[in-house]
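Please take a moment to look over the sequence and the model before reading on.

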Amino acid sequence: MLTGIEEVDWASLGHAYGPADDVPELLRGLASADPAERETALDGMYGAVHHQGDVYDSTLACIPFLLELVADPGVQDRGCIVELLTSIGGIELDDDDEELDEFGSDDEEFIPAANYAMAAAAIAAGADVFLGLVSDPDPEVRLAAPCALASLHPEPARVLNLLRERLTVERDTEVRLALVAAVGRIALRHASLRTETVDWLGWLARAAHDPGLRLAALAQRARCAPADIPDDVVPWVTGLLEEIRTSANRQASPGTERAATPTLIGQVRELLEEHAAGRPAPWTEELLRTLHAALDDRVDDRIALILAQLRSPDWGQRSDAIWLCGGLIRVWRGRYEEVVRLVGAQLQDPEPRLREAATSFLERLFELGAPAADALAARLAAGPGAAPSVQGFVGRSGRDGALLALARAGDTRAVPLLARALDEPEVRRELLYAMDGLGPSAAMLAPLLRRRLAEVELDERLYDRAAPLLYALAAVRGGQALPEVLRVLRGAPANRRDWVREAALRTLAAFGPAAGEAVPDVRELLSAESAAVATAAARALWAAEGDRGDVLPALERWLRPGAPSGDWCAAAQVLGEIGPAAAEAAPALLPGLVARDLWVRVRSAAALWRVSGESSASLPVLLAAWEENRHARVDIAECLAEMGPAASGAQLVILTELTRRRRHNAREDGSGSHDIHLDEKLLTLCRAALARMERGVF
């Protein structure tokens, strides 16, 4: 085994962490009789030799040995090695040949691109080894083999026939699903086989005896032919899910137990096992995820599917529905009231994983979480007899998660519960940032926030500890905490001093005239070298005194040629907040309208409108920025709503935004905790702008 491994000059090769002289030990570890050693070796392969999907020269050198290990029936956990090879050889570059021809041999990008191509070619050359694995005695090998064949074998028609034939004799549920998924993958990768394969998948979706197999075929057919998804897909899928739930043969395949190892792969495996534990058909989640991806913008159908799952007696299906809806709601606008209400109902379920999923989902909804407010309040009112995981304020997915969701929804029932949370030794910082939507009722929290701020040490960790409290005090207009805010402002340490000062000054600005005692300190900071501090001081001074005498010059000094964009934006923002009283600063804003930086243009145009009331120069700049950068739309829409009839030229832009189904800030590669809230804010501002334009109200 591993013949010739010593003949390779591994030290001359490299991986993610330097010379690859440790690779022989990793390869031998994959063949070890010790399961912990095998998992540690696999973790090392992914962590160094195939780090984040990269292919190094050492990765290429490993391929013959990995193929040799896969072919040896005496090696255990070969399914994991098949998956590793599939990952190494399965990177698909767009227009590979053209891309490689464009690079010269001296180009630093040539080697990585060539490595991916050489890896695919090397594994394809040895891919016949995967043909026999579809009937291997080890179910984990059979589970990994179909994807490897569909991705790497150079004869897709041969593979397609083999996968179909194997499906007639395979009895393991998850392996059968893997066979169907591989058939779908072949159809997507090879257009010449697509029509035949789509027809076969359609036949299987109707004819298979096993409802799980029918669901898998339906999902893959939808993936391969999304334009041809039947209109009755919702009742079809919900019927299959009910069959799967009630089927006598719905028991999950037993997994192979492995020893716990302190590796990333081990941790991921344990999380997946925990997620699937106690569920008879955990594989339905992936099938439904595939189907939802194919349905794409058919939002109403996707919502209907999720609603059906949320009403299922199977807690696992309800949990899947929540996670699927999380992906739906962050990308697509729609009517989610009933979905949110049913998710809220899961908060009282005895299954902790379901409660955790519901809480995590509701945390990100902000105002869209209102239909679940009663359920959240009931969860938070749980008495001493509640399950241990429902009690206590500590932990991201426990009681504080429900409280965060309730506060972000703007429900005032959160206020007394926030008061209790503020008496705990530790407070989740997101709770402090959620107080700005609770209105006047949150004023009762000011004394508690004041006390906590007074306890914060003026050390190098001051910003991390004080900033959330300062934000909360600003939100509740806790002017009685002025002495404590001044203490922080004056005692800011060298570490992130400007950040501390800016946060404290923002709080003083929110206090308005109640911060009169702080005026000398604030006035002194007007001349700060940091634009963020100086402009925050100008804002606070204006709020406290309403005297523009020192404020306007302090702001205009940052509106100079060559000023950093952040400095210019900070000054323009405060001038806009001052409004008509800063009209004399309008000429200083004009150069910002033609700046290269988009945000300088947006801030300058908005400020110019707010100080001058003249839209002719600002509106074209705002509309151009609207099209150039979607992330500027919330700020622009806010200004357009203020303009009213003066922004009538933006009516078509506003109407177009309101008719879009996709959220303006949706990303396929992730999301932020406030993305949904920001998009809903954009819609609210657009409706307000349109209403003012139509009414002709100034």
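In which loop does phenylalanine 366 lie? Phenylalanine 366 is in the loop between H18 and H19, where helices (H or I, at least four residues) and strands (E, at least two) are DSSP runs numbered from the N terminus. This is a predicted model, in which local features need pLDDT of at least 70 and side-chain atom pairs count only at pLDDT 80 or more, while totals for chains, interfaces and linings use all residues. Residues are numbered from 1 along each chain as its sequence is written, and side-chain values use heavy atoms, with hydrogens and water left out.

Phenylalanine 366 counts as buried because its relative accessibility is 8%; buried means under 20% relative accessible area, exposed over 50%, and partly exposed in between (1.4 Å probe, protein chains only). Its phi is near 55°, a positive value in a residue other than glycine. Aspartate 296, in the loop between helix H14 (284-295) and H15, has a phi near 50°, again a positive value in a residue other than glycine, but aspartate 296 is partly exposed at 37% relative accessibility.

Within helix H16 (residues 315-329) we find glutamine 317, which counts as buried because its relative accessibility is 5%. Leaving aside its neighbours within four places in sequence, glutamine 317 is in contact (heavy atoms within 4.5 Å) with Leu241, Arg279, Gln309 and Ser312.

Charged side chains are the next topic. Side chains of opposite charge can pair when their charged atoms come close. The structure holds 46 salt bridges, each being a side-chain nitrogen of Lys or Arg within 4 Å of a carboxyl oxygen of Asp or Glu. One of them joins glutamate 6 and arginine 28 at 2.2 Å, N to O. Because glutamate 6 lies in the segment before strand S1 (14-15) and arginine 28 in helix H1, this pair ties together parts that are 22 residues apart in sequence. Glutamate 6 is exposed at 58% relative accessibility, whereas arginine 28 is partly exposed at 38%.

Another salt bridge links arginine 603 with aspartate 635, whose closest N and O atoms are 2.9 Å apart. Arginine 603 belongs to helix H32 (residues 598-612) and aspartate 635 to helix H34 (residues 633-643), so the pair ties together parts that are 32 residues apart in sequence.
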